[in-house]
Amino acid sequence: MIILTKIKSINWQGIRENKLYKRFASLKTSCIFLGILIGFYIIGAIFPQDAVLDDYIKSGGGFTSFVIFFDLLNVFNTPGFLIAASLLSINLTICAFEIFLILRSQSKTVSEGLQFTPQFTFPLDINTQLEDAGEIVKEIFKKEMGFTEKTFTCQEINIMEKGWSYRWLTWGYHLAILFCLFGFFMTYIFAFEDEITLYPGEAATIKPAAINRWNKSWGNKPQELDFKLILDEFITEYNQFPKLDYPADKLSRLAIAMGWKDPKYLLKEESYAPKDWKSRLKIIKGNQVVLEKTIEVNDPLSYQGITFYQAAYKQILKVQIDDNPISFETETDHELIIPGIDGMLKFGAIRTGTLFKKDGGTEKIKTFTEAALIRKDKSGKTETEKLGKLEHDGSLYIDDKRISIREFKEASVLSYRYDPGVPILWWSGVTLLIAMALRVFGAWYRIIYRLEEKDGMPHLLLKIKTRGIMADEERLIKRLKHSLEKWAEPIDLDEPV
Amino acid sequence: MSNLETILSRDSYILAVEIRLFWLVALIYGVCLILYLIHLATKKTGPGRMGTNMLWLGVITHAGLILLRTFEGQRAPFQTLYESLSWFAWSTSIAYLYVERRWEDIYLPGILVTALSMGACLYALLTRSPAVEPLSPPLQSYWFEWHVALAFLSYAVFVVSCSIEIVYLTIKPSVKKGLRPEYGLNTNNLETFHRQSFRLALFGFPLLTFGIFSGAAWANEAWGRYWGWDPKETWSLITWTVFAIYLHSMSIPRWKGIPASTFNILGFICMLMTFIGVNWLARLLGIPSLHLYAM
């Protein structure tokens, strides 16, 4: 109550007349802030965001001192950007508030037509007095054409409207943008994300290493979540994807255009394209399974505000040399050094699961990987030698050494995220789109008219205002003419004066 | 011949037909461009009219090509850059023809439209692989078709809007000076013609907004992050912001003329950057892109 009284006692009118306030309530200021934000966006599009400085330098990135000084690899978290975004939000809030006040004052009474300059004049041959003609015209606009009457201070002039008010719609989607900005703010402050690697059959507790900005600023530590996650099964599926034998050089491509050559699809060993990765998950609270779902990319699992996403997978191989009981463990696409072998071994992604064939059939893939040997010469140049396909129960020979896969494991990598900004963004985004679509694609009409007696006959003097792509002045005039004709004695109304 | 070999041979044949048809479409767009350029040089309406008729032929052939591609891939034909370029060329040309049908003997905006359509086709044909690829897991979403189709529709109308804007800025001085009407434009219809540019940008803006919103919703569903400041995302936001400034500047009396027109043209340039030039500025400055989804 005290706060409310204090708010009421503030001199709002004084604030609204303040120069700075007025500047913030201007459209020009909005454009300037948007322009400043564009500058930050361009920097963010040029410099790799969230990149590690060392990686940036190693990749040959220049302007290092600038990058460090202005924090260009993290530009969207710099005070400059945050201030610019906040100023735009303030500007938008003030503009929305000011427009609201104007719209509220105009909701019933319209301040249009003080200088009424008609665009069209129609003679009304309806054999009545001016007053009666006025009633008939009103009837036509209201009942036949669906217009609603607006109150206007000048008695002689009538104002009517049809369609969703474009001003309210415009105000609505600007307000929705403001809510979107609030959603971004919520994400910025409260969201956190992390990853978890799950092996089939294992129950994992979830303790995020990441912490949101709010907790970080209060020195809070991440909390372990009160439920566990079990991966029942990890499923991989592939499409048979023939490689296209197609030239890269432009002349050969022209030759194909001329019909001198033909492109050709070929089926090779590596003709596997990922079709889907699925994880069959269970959420356990206490000793009870509270939720079960098979997730895949584009179909996550949500529980207690945390959403789990199928991010990637991890494959681990145990490689055996000859009959040695000690095996070497490695991850796919990682280099493995084995004593006695000159060079490093590298195994490609393990293909396992189901293959969806080009002819419509499916087949269980006989688990295999592609092996390669990487050698470095004295100058440090690397040379990769393809060793071929290594099946689960097969073997390969390098330097008289027999290499085989003793075991392999596949794990599902899930990313999880808590983001209270998403529901706000979702609802405000949908509102924004609906309001914007109605405003732009819809049709809004305002007619301002007056009846006048000329040469002993009532005349309709009309002005039309339209908004929206679908608004069609010509169609409106045609309909009006048609309606007037119904009431009138036969008269030529083809050409408005 | 085994069943699989028969399928591969059939697919290879369809692809060969499709590639040759695509070259033919690029050629038609090229002929249209030449006809519009003749119209520009001679100021005669005949070549312009012929250019438009030819463009109809190109668009109809291109529609057939897109249908063929859809049949080949059994999915919406805009997964790879090769397909997106084709879709862009087609949607731009058809958007132009739709807008142009109301004009009387105005053909100049066709120059930019056909140049871009032909350029997009040639870029796809000469530099990208035409292989029909199966949809990768992240693309298997109901957002895919809507996101791409509507974003490209917005691109198409922005191209037409920009071409009108350029023609207006070029022609306006001579028409305003009271010189004789040129290229179908005179003091009576010049402003109405120019108004189309604003209306098109206004039409495209909600579509671009939907493109960005659906992209964010899709990314949230696939990766759990609705916004990652990836260059592609950032450029789309730049394009959106520039067009927002353009639309607002049309309500500011002092900005309504040349400044607003400049924003419209800038918006078009940003749109091109979003589509194919995402990393161009970074490359120009020798800055490495460490982003996964940037081209």
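How many residues of chain A are in contact with chain B, and how many of chain B with chain A? Let's find out in this predicted model, one close-up at a time.

**Figure 1. Where chain A meets chain B.** Here 76 residues of chain A are in contact with 72 residues of chain B. Three residues of chain A deserve a look: A:Ile46, A:Tyr265 and A:Asn298 together supply 12% of the area that chain A buries against chain B, more than any other three residues. Between them, the two chains bury about 6300 Å², and 71% of this is on carbon and sulfur atoms.

**Figure 2. Charged and polar partners across the interface of chain A and chain B.** Side chains of opposite charge can pair when their charged atoms come close. Across this interface there are 3 salt bridges. You can follow a salt bridge from the side chain of A:Glu193 to that of B:Arg225, with 3.1 Å from N to O. Residue pairs in polar contact between the two chains number 19. On the side of chain A that touches chain B, you will find 44 nonpolar, 16 polar and 16 charged residues.

**Figure 3. Helices H2 and H3 of chain B packed together.** Two packed helices are described by the angle between their axes and the distance between the axes. For H2(B) (residues 45-73) and H3(B) (residues 81-100), the angle is about 140 degrees and the axes are 10 Å apart. The crossing is left-handed. Residues making the contact include B:Trp56, B:Val59 and B:Ile66 of H2(B), along with B:Trp87, B:Trp90 and B:Leu97 of H3(B). Sorted by kind, the residues of this contact are 13 nonpolar, 4 polar and 3 charged.

Figure 4. Over all chains, the count comes to 28 salt bridges.

Methods. Residues are numbered from 1 along each chain as its sequence is written. Chains are lettered from A and ligands numbered from 1 in the order in which they are written. This is a predicted model: local features need pLDDT of at least 70, side-chain atom pairs count only at pLDDT 80 or more; totals for chains, interfaces and linings use all residues. Side-chain values use heavy atoms; hydrogens and water are left out. Contact means heavy atoms within 4.5 Å. Buried area is the accessible area (1.4 Å probe) that two parts lose on being put together, summed over both. A salt bridge is a side-chain nitrogen of Lys or Arg within 4 Å of a carboxyl oxygen of Asp or Glu. A polar contact is a pair of N or O atoms within 3.5 Å; within protein, one must be able to donate a hydrogen and the other to accept it, and residues adjacent in sequence count only if both atoms are side-chain atoms. Ala, Val, Leu, Ile, Met, Phe, Trp, Tyr, Cys and Pro count as nonpolar, Asp, Glu, Lys and Arg as charged, and the others, Gly among them, as polar. Axes are lines fitted to C-alpha atoms, for helices over the stretch in contact, and angles run from 0 to 180 degrees between N-to-C directions. Helices (H or I, at least four residues) and strands (E, at least two) are DSSP runs, numbered from the N terminus. A crossing is left-handed if the near helix is turned anticlockwise from the far one by less than a right angle, and right-handed if clockwise.
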